[in-house]
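Colleague: Before I plan around this protein, could you take me through the model step by step, please?

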Amino acid sequence: MTTSSPSPAPVDTPLAPNLLAHFVVKTARPKEMIEWYSTVLGAHVVHEDSQIAFLTWDDESHRLALVKVPPLVRYLFPLAKLKRKVYGVDHLAFTYHSLEPLLLNHERLAAKGIVPVWSINHGPTTSLYYEDPDGIRLEFQTENFATPEETAAFFSSSDFEANPIGVTIDPSYLLERLRAGAPIASLLRRDAGVRPGTTPRVNRRAITLRTL
């Protein structure tokens with residue numbers, strides 16, 4: 001004798017999904033995009049044909065799909081890279097569990113000529129922003145507080161109210177300090193990545209045409 005499971009009861013609250021599975025990009029630069037994501041995220045192609053390429057960098061079947069559009073399309077929309085600055089999705093964010101791999105990856109990419117368009121300590125996170133060949137912006141970040149409760153408390157603080165944007169930083173200087181033995185906790189302070197003798201951009205001054 002088989003028994004059926006009870007019918008799920010109706011719910012009146014949102015049921016959030018468990019994970020963000022993948023994102024899809026229409027591109028006229030598939031070769032450049034594949035090379036960039038291979039370099040930056042260690043992605044590899046799991047399938048490619050004349051219309052689409054699927055890439056992954058972990059145990060998920062695919063994390064990124066590139067839909068190939070004719071090369072002419074890039075010339076029909078010459079200002080497409082600027083659209084993100086004023087409208088639509090601004091960026092995707094990826095988290096490192098600690099500061100060290102974030103900084104080591106920055107060093108690795110810089111040696112290949114790939115540098116952030118924005119490096120900033122927001123307060124809640126230390127964040128490096130990169131742009132792919134199509135102008136899609138990726139944020140690589142690490143949390144500056146040990147627990148979600150501490151982060152939530154910071155969002156409610158007068159410090160965050162006075163400066164919700166953050167302080168621009170030099171990730172190379174942070175890595176120098178890390179290798180010199182500075183405690184990790186000290187490197188997560190907002191001003192920790194400000195190289196002596198330089199003047200950081202703070203709060204709204206940190207937003208420029210390049211970083212916007």
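Colleague: Is Tyr129 buried or exposed?

Modeller: This is a predicted model, in which local features need pLDDT of at least 70, side-chain atom pairs count only at pLDDT 80 or more, and totals for chains, interfaces and linings use all residues. Residues are numbered from 1 along each chain as its sequence is written, and side-chain values use heavy atoms, with hydrogens and water left out. Tyr129 belongs to strand S7, residues 125-131, where strands (E, at least two residues) and helices (H or I, at least four residues) are DSSP runs numbered from the N terminus. Because buried means under 20% relative accessible area, exposed over 50% and partly exposed in between (1.4 Å probe, protein chains only), Tyr129 with its 4% relative accessibility counts as buried.

Colleague: Which residues is Tyr129 in contact with, leaving aside its neighbours within four places in sequence?

Modeller: A contact here means heavy atoms within 4.5 Å. A separate C-alpha to C-alpha distance places Tyr129 8.5 Å from Thr211, 82 residues away in sequence. With neighbours within four places left aside, the contacts of Tyr129 are His91, Pro116, Val117, Trp118, Ile120, His122, Arg137, Leu138 and Glu139.

Colleague: Why does Leu55 count as buried?

Modeller: Leu55 sits in strand S3, which covers residues 52-56. Beyond four places in sequence, Leu55 touches Ile34, Ala43, His44, Val45, Val46, His62, Arg63, Leu64 and Leu66, and the C-alpha atoms of Leu55 and His44, eleven residues apart along the chain, are separated by 5.3 Å. Leu55 counts as buried because its relative accessible area is 0%.

Colleague: Where is Thr151, and which residues does Thr151 touch, not counting those up to four places away in sequence?

Modeller: Thr151 lies in helix H5, residues 148-155. The residue is buried, its relative accessible area being 13%. Not counting residues up to four places away in sequence, Thr151 touches Pro124, Glu143 and Phe145.

Colleague: Is Val86 buried or exposed?

Modeller: Val86 has its place in helix H3. At 70% relative accessibility, Val86 counts as exposed.

Colleague: Which residues is Leu212 in contact with, leaving aside its neighbours within four places in sequence?

Modeller: Leu212 is in the segment after H8, and at 36% relative accessibility Leu212 counts as partly exposed. Once the neighbours within four places are left aside, Leu212 is in contact with Arg84, Lys85, Arg137 and Ile207.

Colleague: What is the phi of Asn203, which is not a glycine?

Modeller: Asn203 is found in the segment after helix H8 (184-187), and at 18% relative accessibility Asn203 counts as buried. Most residues other than glycine have a negative phi. Asn203, although not a glycine, has a positive phi of about 55°.

Colleague: What is the volume of the largest pocket, and which element gives the largest share of its lining?

Modeller: On a 1 Å grid over the protein atoms alone, a pocket is an open set of points where a 1.4 Å probe fits, with protein on both sides within 12 Å along at least five of seven lines, and lining residues have an atom within 4 Å of a point. The largest pocket has a volume of about 760 Å³, a volume being the space filled by probe spheres set on the points, which are joined across faces, edges and corners. Of the 26 residues that line this pocket, the closest to its centre are Val25, Lys26, Ala80, Asp134 and Ile136. Strand S1 (23-27), helix H2 (73-76) and helix H3 (80-86) each give two or more residues to the lining, and the largest share, five residues, comes from S1.

Colleague: How many helices and strands does the protein have?

Modeller: The C-alpha trace spans about 70 × 55 × 35 Å along its principal axes. Of the 212 residues, 38% are buried, and residues 24 or more positions apart account for 60% of the contacts with a separation of 6 or more. As for secondary structure, the protein has eight helices and nine strands.
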